[in-house]
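Dear colleague,

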Amino acid sequence: MNEATTNTQRIRAISRRKLLSTAGAGSLLAAVRPATLGAGAAQSVAPAVATSSRTGAVQVSMCVSDNIRTLPLRDGRVKADAIDLSVSTIHPSEMFWRQLRFAEFDVSEMSWSSLLIAISQGDKRWVGLPVFTSRGFPHTGILVRSDRGIERPQDLKGKKVAVPEYQQTSALWSRGILQHEFDVTPWDMEWYMERTEELSHGGATGFRPPEKLKFQRIQPPDNIGTLLLDGKIDASLLYLNEVNLVDRSRVDLRNRPEVRLLFRDAVAEGARYYKKTGFYPANHCVVVQRAMLERHPWVALNIYKAFVAAKEMAHAPGREVASIYFDLDLLPAASRRVLDVDPYPYGMQANRAMLESLVQFSHEQGLTSRRLTLEEVFHPATLEL
């Protein structure tokens with residue numbers, strides 16, 4: 001049995017309904033490509049994009065998430081030099097699934113955790129750019145049952161804890177913070193994972209639970225929400241209320257007395273962590289297909305510069321509005337310097353310590369067999385930015 005036949009059977013194993021609901025109709029086109037070109041070719045051939053009137057410009061397909069920092073690229077106000085971008089916008093979970101399985105886009109955002117795992121396993125399809133359009137404090141969103149006596153992070157020891165996907169970046173961050181800030185290791189808890197292998201990012205990277213980890217998958221028709229409300233689990237690192245990636249009925253956990261946040265003052269905890277570490281955790285970076293860069297090496301820096309310009313365009317109105325409050329003496333003049341702080345810095349220099357920490361977390365938690373270097377992940381031209 002050749003590789004093309006194997007790929008065809010694997011694709012057919014996913015029901016049409018699940019494939020459409022999980023990855024969109026575009027994946028049907030991508031699913032044909034491995035069967036017709038062979039597995040090796042599927043990784044290096046970029047999907048066709050619309051032609052453009054910009055004579056001589058390189059055609060590049062790009063997929064990004066919906067946020068203000070990508071909007072100027074999506075609506076065309078910012079263009080990349082000598083590049084015609086065909087931009088798609090989909091939910092990150094779907095984007096990563098499609099990229100990891102089918103390499104649909106020349107450029108996209110990518111799960112930091114999944115990228116590290118893929119590279120550690122020898123997957124060379126992607127080259128990273130130090131662009132981080134999505135940030136937050138994942139650990140401040142940990143949910144717990146109100147009746148389990150979980151008042152502080154240390155109380156999670158011995159508890160049943162769920163996660164949509166064990167390898168996802170937000171879960172990697174939360175476990176790393178629990179371990180390094182509160183002395184709670186992943187091996188101190190019993191894990192329940194929601195996504196099935198065929199619909200998970202781990203299904204594309206060959207995820208296996210780390211050695212000696214207490215781990216099991218949630219069986220349909222249950223999901224994290226139903227298990228929390230039924231009291232069958234004690235906590236969850238994250239709950240995706242609005243996205244049905246696993247084709248299961250979701251329940252709205254907002255304002256439910258059975259469930260509350262672990263950190264009752266989530267803002268204060270996020271601020272504490274930021275002041276201590278200087279980290280505003282990034283969930284995604286941007287990747288470019290290596291095959292694209294082999295043809296056009298300059299594309300990497302031009303894409304990077306376009307993302308920087310888009311972010312600056314998106315943030316400038318907010319700084320302008322905020323400055324009015326200082327001009328009217330509604331805010332103390334001494335605080336005006338905060339407008340010079342960029343909470344979303346791009347580039348390696350501003351983010352190296354944060355990125356090194358996440359690489360460390362991945363290795364400590366058994367997701368990567370060795371500790372990667374950032375030089376293995378990012379384009380050489382961006383390492384000094």
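Helices (H or I, at least four residues) and strands (E, at least two) are DSSP runs, numbered from the N terminus, and two strands pair if DSSP finds at least two bridges between them. This is a predicted model, in which local features need pLDDT of at least 70, side-chain atom pairs count only at pLDDT 80 or more, and totals for chains, interfaces and linings use all residues. Residues are numbered from 1 along each chain as its sequence is written, and side-chain values use heavy atoms, with hydrogens and water left out.

The model has an open sheet of 5 strands with mixed pairing, in the order β2-β1-β3-β11-β4. Its edge strands, each pairing on one side only, are β2 (83-89) and β4 (126-129). Strand β1 (residues 58-64) runs parallel to β2 over 7 bridges; Val-60 has Leu-85 in β2 as its bridge partner.

Helix α7 (residues 112-120) packs on the sheet, in contact (heavy atoms within 4.5 Å) with β3 (107-111), β4 and β11 (284-289). Helix α13 (residues 299-327) also packs on the sheet and touches β1, β2, β3, β4 and β11.

The axes of helix α8 (residues 169-182) and helix α14 (residues 352-364) come within 10 Å and cross at roughly 85 degrees. Axes are lines fitted to C-alpha atoms, for helices over the stretch in contact, and angles run from 0 to 180 degrees between N-to-C directions. The two helices, α8 and α14, are therefore roughly perpendicular to each other (65 to 115 degrees).

With kind regards

How values were computed: Parallel < 35°, antiparallel > 145°, perpendicular 65-115°, else oblique.
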